[in-house]
Amino acid sequence: MVTSSDNPNIDPAAVIEFLKKTAPFMELDSDKLLDLAPCFVTTFFPKETVVFRQDVDEVGSFYLIYAGGVKAYLTGPDDTATLLDFRGEGGYFGALAIIRNSKANFNVETLEDTVCLGLHKEVFLGLIRDNPRFSQYYLKRFSEDLASTAYAELRLGKMRESTPETLYLFSSAVGEVIKRPPEIIHASQSIQQAARRMSDLEIGSLLVEDQSGEIVGIVTDKDLRKKVIAEGLDYHSPVATIMSSPLRRIPYHVLWFDALLEMMKGRVYHLAVERGSQIVGVVSVRDFMVQTGSSPLYLFREIENQRTIEGLYPLAHRIPRVVRALVEEGARANNITRVITVLNDQIVDRLLSLLDEEMGPAPFPWCWFTFGSEGRKEQTFKTDQDNALIYRPPSEDEDNTRIARIYFRRFGSEANRHLEACGFELCKGKMMVSNPRWRKPYKEWKAYFDQWMATPEPEEVLHAMIFFDFRPVFGRIEFGDDLRNYLSENVPSRSMFLLHLAKDFLAAKSPLTFFKNFMVEKDGKYKNRVDLKTQGLTPFVNFARLWALRHGIKETNTMERIEALAKNDFMPKELYMEARDAYEFQMQLRLVNQLRLLEANQEPDNYIDPADLSQVERQTLKEAFSVVGRIQEYVKSEFRILE
């Protein structure tokens, strides 16, 4: 480090002007800035100076970057570096270590000649202590810095180094792969003309335009195989007769990861890429494979093409290995669980389709839906079955009831048995379609929910809470949508039911002691461990469900629920950000822990030993746990619940 005596002097008036446009100093009044300006010491760091070394250097000053820039990064045991952030003019470093009273939490190195304004740590701590808005800003940023460091440490310390293929998923826009403008054919041209043109150009798809020049669909080589050759269709027919419509589109700037999800969820193999309102190209599954190598899309296609139920068994057991690459890359938990959900849904969809073919058509229209973690799209590497079935007979007479009972009893038992073979454990509470209580006509399902809302007995409601997270996944999806609409319209007016849920949420105890230490298991198999699911994640799940039901929000995923709540101003923005970050960090920790256990040939669980975490990870987890208390105070205030 270069000493201050070697540094350029900056006029105090210039320092004040700089502070006036730099958050959060701009919040201070003119007199305070006038007093503060002389406290700053101008410090010059040449390019490639390591200002702070992780876990080595004491941090005696807080630095504001006046000119130049730095990078913050972590160094692993094998000297591998994991980038955290780039910071330029108006950025800062040193705050995290000062607030925590620790040595440097990460390395800071200048990217170019850099001039900083240094403030002694005691002066900085005085500003934090005496200025609430100033304090609020840095404590919030402290939480963000801590979370970024903790995520990086999880990636660095717990997983192997990323491969270029996984890096591509989260660093490259889908539009970057486009090499040529899209090829377009008129809807009236023949199938033969389309095939000849695709062959001449050596491409796998053509966009289809109508009389007005509007793009209305796409024809692919798959359409030629399945709709023309296999079906014996006249190749002189218009190409419009075999095109897929409407055309699925995706913005140019979207990351490859989101394009991957779009393909899997939509079960399509081509996406039109838009820049503004103009289609600039088409990306395909083949492009994806070329760019990313092995990916969840391989497994997705294998599941989709599987012709026997038994053939699904080994494919389902490959999901943890396929998803591992995303964890290695440091993908956030919400992205990881989205992929797991799409793959698990595909297993369920294909299994039920094959079972339907094997048993013959059901006597009445029906819908399979999931609840609990499956319904919330929060499945991890270990999940049991939580499923149910709705059907709608033309009338509920004795004959229809008997027919439904016979068919769906066999169907449910077979489906649950096959899902178990795929790795989805049977529910110990028998909340599955094989249980006759959970395969009922639509009318009876409405009666179930009415009863739970009308007579909220503690044991009964707690037993039924996971049903309020239901999600239709196969069959007549509109049955599930109708039931969700019914709840979103009726639950907000059930004040006693909501009050009961609120009191149950407030009964959750913090997993931290009075002295902010972890509350761990005292004995048994999980001695000295924290139950991350029950103690850490469940309170956030329960709050998101309560608030979503109270405000008629239809989403079932915890993250999507709190995002919808914040978007509609149903919860304070700051509390939303705290809840989002706290929940997702715990989910990340849980996923990494389960994956490590799987790779050690151990049964995945939800128990974390705080001693296995780094100092930053432990601190971040404590911060996450403490958010529950702030949410509870908010709920208590909103419901006017007295101690």
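Where is Pro 24 found? Pro 24 sits in the loop between α1 (12–20) and α2 (30–36). This is a predicted model, where local features need pLDDT of at least 70, side-chain atom pairs count only at pLDDT 80 or more, and totals for chains, interfaces and linings use all residues. Residues are numbered from 1 along each chain as its sequence is written, and side-chain values use heavy atoms, with hydrogens and water left out.

View 1. Look for Pro 246 in the loop between α8 (221–229) and β12 (249–251). Helices (H or I, at least four residues) and strands (E, at least two) are DSSP runs, numbered from the N terminus.

**View 2. Asn 528 has a positive phi of about 65 degrees, although it is not a glycine.** Its place is the loop between α20 (495–506) and β19 (530–531). Asn 528 counts as partly exposed, at 41% relative accessibility. Buried means under 20% relative accessible area, exposed over 50%, and partly exposed in between (1.4 Å probe, protein chains only).

**View 3. Asp 569 has a positive phi of about 60 degrees and is not a glycine either.** Here the loop runs between α22 (558–567) and α23 (573–599). Asp 569 is exposed, with a relative accessible area of 59%. Most residues other than glycine have a negative phi.
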